[in-house]
Amino acid sequence: MDFALSPEIEDYRRRIRAFVEDHVIPVEADPTAYDAHENIREDRLTALRQKARAEGLWALQMPKKLGGQGLPVTGMAACYEEMGRSIFGALAFNCAAPDDGNMILLKKVARPDQQEKWLKPIIEGKLRSSFVMTEPAPGSGSDPGGMMLTRAEKKGDRWIVRGRKWFITGAQGAEHFILIARTSDDPRRGLTAFLHHAKDPGWRILRRIPIMGPEEHGGHCEIEYDGLEIPDENRLMEVGEGLKATQIRLSTARLTHCMRWLGLSKRALEIAGAYVADRQAFGAALKDHESVQMMLGAAAMEIQIGRLLTMHAAWTLDRTGKARKEVSMAKVAVADVLHKSVDTAIQLCGAKGYSKDTILEWIYRYARQARLVDGASEVHRMVLSQELTKDGRDFWKWE
């Protein structure tokens, strides 16, 4: 693959880098810009979004005809990494989870009338959305096809939904929901995807689950469905294609996580680099101590490995539309890279790194979820083992 970015993508990347530096980082540095859940206040976010949209940096992942910028996945990789430099970056450009993955799924599989009603408002930033799949034990976690308990039963031209979900990101305050529910006991075609609105009766948020934090807007919620009625016209894809919808969404969504995490990883080393260049110890700047150089060098190398895996997966998605093992490898590696990078940065910054004088502790707490969200690392390694067993030596083929 050719790693050179096209002039158009390079222009986007440079402008996003400048926007983050000039507009987003100053907001991030302002203690009054945070809400009660350690995320950016809605009014401050709105102001940033207006600026980003005015500069033509809005919804890079969406086609231009739908109000986005129409970047390929490789272009997204380069640009998401730049916006990921700030903890508020992806939000400013309408490229943050869970809206990002929901937009990509609806763009790929929703009917034109569904896109107009359910997708367009998310692209325009008029509302937030949520993806509803995970359930409390013994319900579905990493194995939704075999374990999902929430059911949707067809009655006439409507589906009646009953069940419980949890750790639903962004549910509080979201208006559009993509719901995965069981419609038969078929192990592969037993799930179906549906669309519903927050104002529809028959469901409720039981609680916003406390986490290590920080939280996305809308938190991570536990939800109960008790007779929600969904018209069949709001079914997404065909009956029995819910697992397929999930796989389509998560394929790119997992990779966009990696793109943003790489930006945060680089930012962590940036903060550490500035500190060790200035801090004196034992007669020299910390940066001149061999042990510090080894720590920084090792972390920098791991970030580059993660970048290569991520860009290769993006390149494969652009070319073939499928990159199961490539995405899994990137997801496992970059989740570890994020943790290692910020852990290294905190160690090098000492007590300051552990304090709230920098954003390192924010990133550190956020980083722990990386090995869990969108499939635990162990599940992805299991997938890779299955691919290796199936492909043998061709697991490592170039094409």
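About 640 Å³ of space lies in the second largest pocket of this predicted model, where a pocket is an open set of points on a 1 Å grid over the protein atoms alone, fitting a 1.4 Å probe, with protein on both sides within 12 Å along at least five of seven lines. The volume is the space filled by probe spheres set on the points. Local features need pLDDT of at least 70 and side-chain atom pairs 80 or more, while totals for chains, interfaces and linings use all residues. Residues are numbered from 1 along each chain, and side-chain values use heavy atoms, without hydrogens and water.

**Pocket lining**
- The second largest pocket is lined by 38 residues, each having an atom within 4 Å of a point.
- A90, L91, A96, A97 and H217 lie nearest the centre of this pocket.
- Helix α2 (42-54) is one of the elements that supply at least two lining residues, and α2 gives the most, with six; helices are DSSP runs (H or I) of at least four residues, and strands (E) of at least two.

**Aromatic pairs**
- Eight aromatic pairs are present, meaning Phe, Tyr or Trp rings (six-membered ring of Trp) with centres within 6.5 Å.
- W159 and F194 form a tilted pair, 5.3 Å centre to centre with 55° between the planes; under 30 degrees counts as stacked, over 60 as edge-to-face and the rest as tilted.
- W159 lies in strand β3 and F194 in strand β5, so this pair ties together parts 35 residues apart in sequence.
- Ring pairs also link F177, W203 and Y225 into a cluster.
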